[in-house]
Structure formats: structure tokens, C-alpha cells
Amino acid sequence: MVDELLFFMEVLVGGLLAGTMYSLVALGFVLIFKASATFNFSQGAMVFFSVLAFVGFMQDFNIPFVLAFILAALLMVVVGLCTERFVLRPLMNASEDTVLMATIGLGYVLEGLAQAAWGVEVRRLDLGIGDFPVPWIADNLKLFISALDITAGVVAAIMIIGLFLLFKYTKIGLGLRAVADDAGAASSIGIPLKHIMLLVWSAAGVVALVAGCMWGARAGVQFALVDLALKALPVLIIGGFSSIPGAIIGGLIIGAVEKVLEVYIGPFFGGAIEGWAPYVLAIFFLLYRPEGLFGEKIIRRV
Amino acid sequence: MNTSTNILDIKNIEVTYDNVILALHDVSLKVPKGKVVALLGANGAGKSTTLKAVSTMLASERGKVTKGTIEYDGTSIEKQNPSQMVGLGMVQVLEGRRCFGHLTVEENIIAGAYSRKLSKGDINQELEKIYTYFIRLKERRKSQAAFTSGGEQQMIAVARAMMAKPKMLLLDEPTMGLAPQLVAEIFNIVKELNQKEGVSILLAEQNTNVALKNSDYGYIIETGRVMLDGTAQSLLSNDQVKELYLGISKKGRKNFRDVLKEENLTKKKIN
């Protein structure tokens, strides 16, 4: 009995921590959704592009770890700058659908650029954190939990707190929330949309880099990272597209549910339900709570 | 009116949307420094378009000033964008209030100071000053703006604009959909801001009577043209204005063009 409970705990905690990795990816989506009211299809490509550049700087140019990370982050700011100037600004008055299509195109451009610059082979990323159980926890709590999962959890927590403080207590955060509510009204009182867009896309780029590091360390830096973006979709549907806490909780729920279902119900379906179980959950949310758990309710006065 | 005392001087502007739809044919108007000027007309007459041409918000709706000039505070606004205009002291309060619904009342108002470099203390000081005009908002400062009443939302929108410390306010239908008592309250505040803060005001209204009673000068536009202008007093006592805009109707005449046609006919008869 105790063993079973311990096993369940292990599955659950492992799932929750793995979920924070989804949260990290989802965070990037939320940032852009808040400012542009559009689902950024290029977020997956941004993850791939940023982490490949990071690994490329280290392996091809022998740049030390920290410096390479800073360079990659700066590169993402440049990507944000170019996106604002060459994609968003010309589409300023276009419909949200048009911007959505543009993000798909942007995704292909980033994928192509990344592969043209750094090649197509899978690269190893060593963060110096092993993807194996932490001995101390295994000895004392009898739980086998990966050090990488714990790191991802801590990193996600730090990023969330940072972004929360940025939005709630800074001037630019207030500007961003104002733009998210009504871009036209925001511009009528002199909030420069340009700066807000630039900030948001750069922040999403840096978040993509962090998410890419975590996933790259686990699965190798490869093209498949692009498809990670799709896993963020159920996370966002559950958490709410416009909510940062939602992205986190959504990620945790998806992570936990898919692992628990995989272990306990998976065998009845012949396994591998991890892949689709989150989408089934997402469909239930779409039916019964379309704004997600934490999404901003569409407020209508009557 | 001496030209040098005008804070805003619009000369014969023509505005098109999407390069094809002609919204304004020929509009000229002046706003003297420190005065309240009313821009009157029915739906679709071109009031909002005129205001957006001035605040340069037209561009975001694919509109363009294709002829004529607009001078604000002595300089052309041709190359400006909305945030630069706010920097120059011209703020527009858009039609339909447009509050930031998910922000609190106070956050909405503070957002108005975005273009100014103020310390936290300065912002609080400004905020207290604004609250002296909008007492009702102070009570509701912690509520989410989306849950406040229509009148309160209009006050939020004006208070927010005032935080940018404007020299000139453009108000687009500030009393739309409000009960008469609130209409009076809003206009009282507008007058007070005009007198105590010295803000020049150009306001677009359909509510001709109340607007003229609270203005110094008025322009009446119809299908993109200025049909009549004059001091508020003269417009209020003008027979045609009375008939067409104040609902004191005679025959089946619908607009100024009909009136002018009739006048021409009578003139011809006399000749």
C-alpha cells in the first residue's frame, strides 16, 4: 500500500514538474496573446531558433556558456525588433486573422534561418544538470525525481514571479495591460504601441530560449522542438490564453494528468495515451469553460 | 478672431478612407485658445472623422487627409503620430469611452500619464488633483472599470485624458447614451476643466441643445461639409438650427441643403 502510494506520488510529482516545461513554452504564447490578441504560431520556431543559436554559439564558436546565453538572448531581442518592424508594423491595421497567418510565415522563416545557419543535425545540450533522479530525494523521500525537472520547476517559478511583478508594478507593464485591453484607446492617450510590441516579442523570445534550454537538455536540440508548440495549445485552452498564472497551472495540469493517465489507464488503451489525453481534456474545457481557468472573462455590461 | 490666438486651425480639409470613400469634403474650423467649440451634426456627418484627423488617429483606420491643412499650436500636424500629438498636449477622448475594462479605475487614470515622465509621488499628486474634479471616481477607484456605469466610464475616459496634462481635449460624443442628469454632470466637469485648467476643447455632439449651452462657438456639419457656424448664442437663436437640430419643426425640411434650396428659390422669386 505504502509502495503504491509512493509510486503514485512519484508519477504525480514527475508529471507536475514535467508540466512546468509545458508552462514555460505556454508563457511565450500568453505574452504575445496579451499584446497582439493573436496566437503566435511561430513560438515553437522561436524556441528552436533560440536554443539552436545558443548551442551553436557554444559548440561552433567555443563561446563560454554564460556569454553564449546572453548572445542568444540578445539575438532574440533582435528577432523581436525585426518582427515588430517588418511584420507587425505593416500589418498594424490588418485583422487578427491576418496577423495569425503572418506568424505562421514567420515560423517558417525562423526554422529555415536556424537550419541554414547551424545545420540540421541533432545537437546535444549539456546544462550540467543531469536528467536522472536526485540521490538525496531518492534516499530520504523514496521518490525518484529528475534533477532537470526540479530545475525546470524552479526556473519557471522565477520567470513567472518576474513577469508578474513586471506587469503589475511597472509603468511598461501597465502600458502592456492597457494595450491588451484596447489598443486604440491606449494609443489615444499616448502609449506607443511600437515599444510595447517590441518589449513583448523580445520577452517572448527570451522565454522561448529558456524553454528551449530545458527541452533541449532533455530531448536534444532538434527540429522536433518546433512541435512542442502544439503541446502548449491544450495548456493554453485549460489555463486561458491571456493569463500568466493560467499558463503555469495549465502546464501543471497537463503534465500531471498525462503522466497519471498514462500509467494507470494507458495499459487499457495499449499505452501511449500521453500524446492525445491532453487534447481530450482541452475539448472538455472548450465545451464547458471556453475562457479557461484563469482567462480574462469577456466582460459585457447589460 | 485673431489667427494667432487659435490653438487649432483647420483649413479646407478633405478626408478619404481606403483611398476611395470621401468622408469630409471641405471642413474648416478654428478653436480659439481656452475656448469650448462644439462640432454638431447627425450620425455620419463627419464629426468623428474631423476629430480623428486632428489627433492623427485616422491612419489607424486607413483614413487620410487628402487636401487642406491642420495647424495645432502654430505648427502643422501632418507628420505627427498619435503618441507625438499627446506629447504636444493634444488628447482625444474616443467615442464610446473605451476604458481599459480589466484595469481598475485608478489604473485607467494612471495609464493616462504614460506619456509623461513622472515619479510615483508626482503621479499621486496629479491623481489627487484629478479626483477633485471627479469625486465619484475616487470612491470607485479600486473597482474594475468594466463594472462601472456608463457615466462613470465617461468620467474615467476624460480623467485619463487629463492625466496627460493636455492643452487641448478632443471629446467625441461624451454624452452618448447617458441619462439627462449625467449629461449635465459631464458637461459641468468639462466646463470646470476648461475654466480652471485652461484646457481648450473641441467636442463633437449630437446633443445640440446641451452642447451649445456649454460652448462658446459652434459648427454644424452635414455630409462632410460645414453648413453653418457662429457663436453658441447666435446658433441657439437661429431659426434653422431650432428647426433642424432642436426639434422645433415646421414643414418637411430635413437638412440644410433643403433650407438653402428653398431660400434660393425665394430669392429668385423676389428678383
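**A helix pair in chain A**

Reply: In this predicted model, H10(A) and H11(A) are oblique to each other. The angle behind this is about 120°, formed where helix H10 (residues 228-239) of chain A packs on helix H11 (residues 244-264) of chain A, and the two axes lie 8 Å apart. Because angles of 65 to 115 degrees count as roughly perpendicular and those over 145 as roughly antiparallel, the pair falls in the oblique class. The crossing of H10(A) and H11(A) is right-handed.

On the H10(A) side, the contact is made by Pro234(A), Val235(A), Leu236(A), Ile238(A) and Gly239(A). H11(A) contributes Gly246(A), Ala247(A), Ile249(A), Gly250(A), Gly251(A), Ile253(A) and Ile254(A). Sorted by class, the residues joining H10(A) to H11(A) are eight nonpolar and four polar, with no charged residue among them.

Of the contacts in chain A between residues at least 6 apart in sequence, 74% join residues at least 24 apart.

Chain A also touches chain B: 20 residues of chain A are in contact with 26 residues of chain B. Helix H7 (171-181) and helix H8 (183-188) of chain A each supply at least two residues of that side of chain A. H7(A) gives the largest share, six residues. The side of chain A that touches chain B divides into eight nonpolar, six polar and six charged residues, whereas the contact of H10(A) with H11(A) has no charged residues.

Chain B has 11 helices and 10 strands. Its radius of gyration of 19 Å agrees with the value near 18 Å that a compact globule of 271 residues would have. The C-alpha atoms of chain B fill a box of roughly 70 × 40 × 35 Å along the principal axes, and buried residues make up 45% of chain B. Among contacts in chain B with a separation of 6 or more, 70% are between residues 24 or more positions apart.

Terms used:
Residues are numbered from 1 along each chain as its sequence is written. Chains are lettered from A and ligands numbered from 1 in the order in which they are written. This is a predicted model: local features need pLDDT of at least 70, side-chain atom pairs count only at pLDDT 80 or more; totals for chains, interfaces and linings use all residues. Two residues are in contact if their C-beta atoms, placed from the backbone, lie within 7 Å. Helices (H or I, at least four residues) and strands (E, at least two) are DSSP runs, numbered from the N terminus. Ala, Val, Leu, Ile, Met, Phe, Trp, Tyr, Cys and Pro count as nonpolar, Asp, Glu, Lys and Arg as charged, and the others, Gly among them, as polar. Axes are lines fitted to C-alpha atoms, for helices over the stretch in contact, and angles run from 0 to 180 degrees between N-to-C directions. Angles under 35 degrees count as roughly parallel, over 145 as roughly antiparallel, 65 to 115 as roughly perpendicular and the rest as oblique. A crossing is left-handed if the near helix is turned anticlockwise from the far one by less than a right angle, and right-handed if clockwise. The radius of gyration is taken over C-alpha atoms; the globule rule is 2.2 Å times the number of residues to the power 0.38. A residue is buried if 20 or more other C-beta atoms lie within 10 Å of its own, exposed if 12 or fewer, and partly exposed in between; C-beta atoms are placed from the backbone.
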